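Thanks for coming, everyone. I have one model to walk through today. Please take a look at it first.

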Amino acid sequence: MSSKYQRGNTGPKKLKWRWKDETENRSLPQSWADNGRTESPAEDEVQLYAIQCRAGLLLEWLVDTRTGKLLRGPLSEKPGIRVLYVTADGEYAVLKESEAREIDDSWKPPKQFTSVIAKHPEEADPVPDSSQDYYRRGVEDLYDSS
């Protein structure tokens, strides 16, 4: 009679994409703001405007779903962008990561890039008072809002 003994982690596992920075934050290009899609907010939602982006890599890892521990990887990678969206008043922000397109040695947003998203306020993070004016100016510069 043989018993099978497994060492290590035998809990539930899942493949997950994790972000790895490759550049610093920069202002969103005007063309991304102009050409991006705009989500219309529902009655209880607010609009958030893309104002900053950063290039990076999305790395695929095998992750323990109970602990969040990285078990193996990275197994694959793809270009990605991380975009900061803020409300027009600068009070709330959301950070979103998505796959990017690599064109002529630079990374571009996905074809269906959304420059204005709609979220419930509780889905966004409050912005410290010290950053609100900066974010508000970023929205005004890119979207001509007042």
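I'll go from the overall fold to the core.

A caveat to start: this is a predicted model.

Secondary structure. The protein has 2 helices and 10 strands. In sequence order, that reads β-β-α-β-β-β-β-β-β-β-β-α. So much for the order; now contacts. Take contacts in the protein between residues at least 6 apart in sequence: 73% of them join residues at least 24 apart.

Next, dimensions. The C-alpha trace spans about 75 × 40 × 30 Å along its principal axes.

Now the surface. The accessible surface comes to about 9700 Å², and carbon and sulfur atoms hold 44% of that. On charges, we have 22 positive and 26 negative, and their mean positions lie 13 Å apart.

What share of the 146 residues is buried? The figure is 36%.

In general, nonpolar side chains tend to be buried together in soluble globular proteins. Here, the largest nonpolar core has 31 residues. Leu28, Phe113 and Tyr143 touch the most other members. At least two core residues each come from α1, β4, β5, β6, β9 and α2. Which element gives the largest share? That is β4, with 10 residues.

Last, a closer look at Leu28. Leaving out residues up to four places away in sequence, Leu28 touches Ala33, Ala50, Ile51, Gln52, Cys53, Phe113, Leu142 and Tyr143. Note that Phe113 and Tyr143 are on that list.

That's my tour. Happy to take comments.

Definitions and conventions:
Residues numbered from 1 in each chain as written. Predicted model: local features only at pLDDT ≥ 70, side-chain atom pairs only at ≥ 80, totals over all residues. Heavy atoms only, no water. Helix = DSSP H or I, 4+ residues; strand = E, 2+ residues; numbered from the N terminus. Buried < 20%, exposed > 50% of the residue type's maximum accessible area, 1.4 Å probe, protein only. Contact = heavy atoms within 4.5 Å. Areas by Shrake-Rupley, 256 points an atom, 1.4 Å probe, with all protein chains shown as cover. Lys, Arg positive; Asp, Glu negative; His and termini not counted. Charge placed at Lys NZ, Arg CZ, Asp CG, Glu CD. Core = buried A, V, L, I, M, F, W, Y, C linked by side-chain atoms within 4.5 Å.
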